[in-house]
Amino acid sequence: MRVNGGVRELLQADARYVGIDPRRGQDVTVQAMGQALPLRDASVSTVLCCGTLEHTPHVEEICAEIGRVLCLGGHAVITTVDEPWPAHGMDGRVPPAPDEYYAPVPLEIVVRALRMVGVATEGGARTDSGDVFVSAHRQLIRLNLGAGTVRKRDGYITVDANPLARSDDARRVR
């Protein structure tokens, strides 16, 4: 078991791994902030964000970046902590150093932030001890905007909501 270590050894041998952290460390391949990931849109099939969100005031921005880089059909697994988990530093030290950020992150905050960027949560749980787990995936969002021409392109749905459009011009996206 490795505490605060990477997950690289859990991946298939041919999987491409990108370990992102603002600090240098084991299995860190790119130093970057979570709210500004240096990755292309829809370029990642799996995101693992473990023990990070409680150490940043940028929870919503990081969730938005997860949604941005996650490809259609891609999955995200996020773990964080809420009350009554004790305040701790990024290295696990209790209490955290005075210059380290720490704040509990309720399950509802993570779920709402992911849904705001089109990432559907498949499951979420919070234990009595404060552990928070979220499993999510990026999917097409279906909208009912009434009559209009519907087109599906590059994973997005566009609707010509012109009220003059004939209803028989509308196609259903399945």
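Asp27 is buried, with a relative accessible area of 17%; buried means under 20% relative accessible area, exposed over 50%, and partly exposed in between, with a 1.4 Å probe and protein chains only. Although Asp27 is not a glycine, its phi is positive, at about 65 degrees. Asp27 sits in the loop between strand 1 (20–21) and strand 2 (30–31). Helices (H or I, at least four residues) and strands (E, at least two) are DSSP runs, numbered from the N terminus.

This is a predicted model, in which local features need pLDDT of at least 70 and side-chain atom pairs count only at pLDDT 80 or more, while totals for chains, interfaces and linings use all residues. Residues are numbered from 1 along each chain as its sequence is written, and side-chain values use heavy atoms, with hydrogens and water left out.

Most residues other than glycine have a negative phi, and most peptide bonds are trans. Ala42 belongs to the loop between strand 2 and strand 3 (44–50) and is partly exposed, with a relative accessible area of 38%.

| Cis peptide bond | Omega |
|---|---|
| Glu83 to Pro84 | near 5 degrees |
| Val94 to Pro95 | about -10 degrees |

Pro84 is in the loop between strand 4 (70–81) and helix 2 (107–116). Pro95 is also placed in the loop between strand 4 and helix 2.

**Overall layout**

The protein has two helices and eight strands. Read from the N terminus, its elements follow the order β-β-β-α-β-α-β-β-β-β. Of its 174 residues, 33% count as buried. The accessible surface is about 11,300 Å², and carbon and sulfur atoms account for 53% of it; these areas come from the Shrake-Rupley method with a 1.4 Å probe, and for residues only the protein chains shown count as cover. Contact means heavy atoms within 4.5 Å. Among contacts between residues at least 6 apart in sequence, 50% join residues at least 24 apart.

**Sheet and helices**

An open sheet is formed by four strands in the order 3-4-6-5, with mixed pairing. Its edge strands are strand 3 and strand 5 (119–126), each of which pairs on one side only. Two strands pair if DSSP finds at least two bridges between them. On average, neighbouring strands of this sheet are turned by 10 degrees against each other, direction ignored. Strand 5 and strand 6 run antiparallel and are joined by seven bridges; Ala120 stands opposite His137 in strand 6.

Helix 1 lies across strand 3, strand 4, strand 5 and strand 6, at about 155 degrees to strand 4. Helix 2 also packs on the sheet, where it touches strand 4, strand 5 and strand 6, and its direction makes about 175 degrees with that of strand 5. Axes are lines fitted to C-alpha atoms, for helices over the stretch in contact, and angles run from 0 to 180 degrees between N-to-C directions.

**Nonpolar core**

A nonpolar core is a set of buried Ala, Val, Leu, Ile, Met, Phe, Trp, Tyr and Cys residues joined through side-chain atoms within 4.5 Å. The largest one has 23 residues, and those with the most contacts inside it are Val47, Leu53, Ile66, Ile78, Val110, Leu114 and Val134. Strand 3, helix 1 (59–69), strand 4, helix 2 and strand 6 (131–138) each give two or more residues to this core. Leaving aside neighbours within four places in sequence, Leu114 contacts Cys63, Ile66, Ile78, Val119, Thr121, Val134 and Ala136.
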